[in-house]
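Student: I have a protein model open and would like to learn how to read it. Could you take me through it step by step?

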Amino acid sequence: MQPLKSGTQTASLRRGADVRRVRSILTRMLLPLLCISAAVASYMLHPQALAWLELDVSEKPLRVLTGGAAYFSAAWLGGRLVGLALERVGRKRRQVPKLLLELVSAALFIAATIATVMLVIGQSWSGAIAGSGLVIAVIGFALRGTLADVFAGIAVGIEAPYRIGDWVSINDRTRGRVIEIGWRTTRLFTRNDTYVILPNSQIAQQALTNYSAPNRKYRAQVEVVLGHELSIAAARELLTKAAARSPIIVNEPKPDVRVASYDMEGIRYHVRFWVPSFADDVDCRDAIFGQIDAALRHSGLALPAAGLSVSSGRVKRATAVGESAMRDHPS
């Protein structure tokens, strides 16, 4: 009886959510639909209305006014429809950038403005485009830097290499969480509680690593050099158990150890582990280092002269303790 009651409550909650969603959609669409219906009706019926009222008024101002209202109402309605479609896609996947909706809405309203201007001057599309070509060329040359950022922002909005809330690294130097994607710039919030604002054209020209896609967890690794007196099997067991004792890393998949190289100063090992999200990256590496240090001291082994260091996900050898770890791409 209890499972049946629980299933009924779940179905009721789902129906309630669907009703609220439909009500919200109707509320958002009602006003644009009323506006476009009134504007189109006025545009089509204003000659008959003037004749019926026997008013000696020119039809052109009324035609321009009602036609412009119809164009802008259609742009408003189109923007609302695109917004609903993007929200639907965002619920199934990750959040859709706000820039994409702003881009579509701006394009619709620009088209409505051009159509209204042509309606005022009574000019065709070809004539309007030819007349404004020189002005567009001059403005484009003067604003070429800003336009490059804007078009790069448009590409970001369409291709979506990162979304709001993703942790990214730009050119292996700038790391942070994406909090805003604008027309010209992208704003990152770093782990040091600072903002980094980057032009979109600069981001488009540099290497970008997204730590939140396709999954928020990813594999990192630290590098340890141990002496030759310790066998590889014993070292692998010691390092694996030490890494597994860290309470912060992901339990499944479990940490593992791989031999990287057999050098004169010792045997180089890569201790690989999974990080729940980039926000926990520093804490995970700190915990791994702490557990490995404790295991080495407890076993009575001499600490490695080369020290412990972090290697990148591309198996680039680190040169100093505490160098930032990059995502490890499993081979």
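Tutor: Let us go from the whole chain to single residues.

Tutor: This is a predicted model, in which local features need pLDDT of at least 70 and side-chain atom pairs count only at pLDDT 80 or more, while totals for chains, interfaces and linings use all residues. Residues are numbered from 1 along each chain as its sequence is written, and side-chain values use heavy atoms, with hydrogens and water left out.

Student: How many helices and strands does the chain have?

Tutor: Helices (H or I, at least four residues) and strands (E, at least two) are DSSP runs, numbered from the N terminus. Here you will find eight helices and nine strands.

Student: What share of the residues is buried?

Tutor: Buried means under 20% relative accessible area, exposed means over 50%, and partly exposed lies in between (1.4 Å probe, protein chains only). Of the 331 residues in this chain, 36% are buried.

Student: What is Asp256 in contact with, beyond its neighbours within four places in sequence?

Tutor: Contact means heavy atoms within 4.5 Å. With those neighbours left aside, Asp256 is in contact with Arg219, His270, Val271 and Arg272. For the chain, take the contacts between residues at least 6 apart in sequence: 64% of them join residues at least 24 apart.

Student: How do I read a sheet?

Tutor: Strands of a sheet pair through backbone hydrogen bonds, either parallel or antiparallel. Two strands count as paired if DSSP finds at least two bridges between them. In this model, an open sheet of five strands has the order 4-3-2-1-5, with antiparallel pairing. Its edge strands are strand 4 (195-199) and strand 5 (208-210), and each pairs on one side only.

Student: Which strands of this sheet form hairpins?

Tutor: Strand 1 and strand 2 form a hairpin with three residues between them, and strand 2 and strand 3 form a hairpin with three residues between them as well. Strand 1 (residues 167-170) is joined to strand 2 (residues 174-181) by four bridges in the antiparallel sense. Four bridges also join strand 2 to strand 3 (residues 185-189), again antiparallel. You can walk across the strands: Trp167 stands opposite Arg177 in strand 2, and Arg177 stands opposite Phe189 in strand 3.

Student: How do I describe two aromatic rings side by side?

Tutor: A pair of aromatic rings is described by the distance of the centres and the angle of the planes. Rings of Phe, Tyr and Trp (its six-membered ring) pair if their centres lie within 6.5 Å; planes under 30 degrees apart count as stacked, over 60 as edge-to-face and the rest as tilted. A search of the whole structure finds six aromatic pairs. Tyr211 and Tyr218 have ring centres 5.2 Å apart and planes at 50°, so this pair is tilted. Tyr211 is buried at 0% relative accessibility, and Tyr218 is buried at 2%.

Student: Where does a charge sit over a ring?

Tutor: The test is that NZ of Lys or CZ of Arg is within 6 Å of the ring centre and within 35 degrees of the ring normal. Arg187 lies over the face of Tyr195, 5.2 Å from the ring centre. The charged end of Lys217 sits over the ring of Trp274, 5.6 Å from its centre.

Student: What should I look for in the backbone angles?

Tutor: Most residues other than glycine have a negative phi, and most peptide bonds are trans. Asp193 has a positive phi, near 60°, and Asn171, in the turn between strand 1 and strand 2, has a positive phi of about 55°.

Student: Which peptide bonds are cis?

Tutor: The bond from Ala213 to Pro214 is cis, with omega near 0°, and a cis bond also joins Glu252 and Pro253, with omega about 0°. Pro214 lies in the loop between strand 5 and strand 6, whereas Pro253 is in the loop between helix 7 and strand 7.
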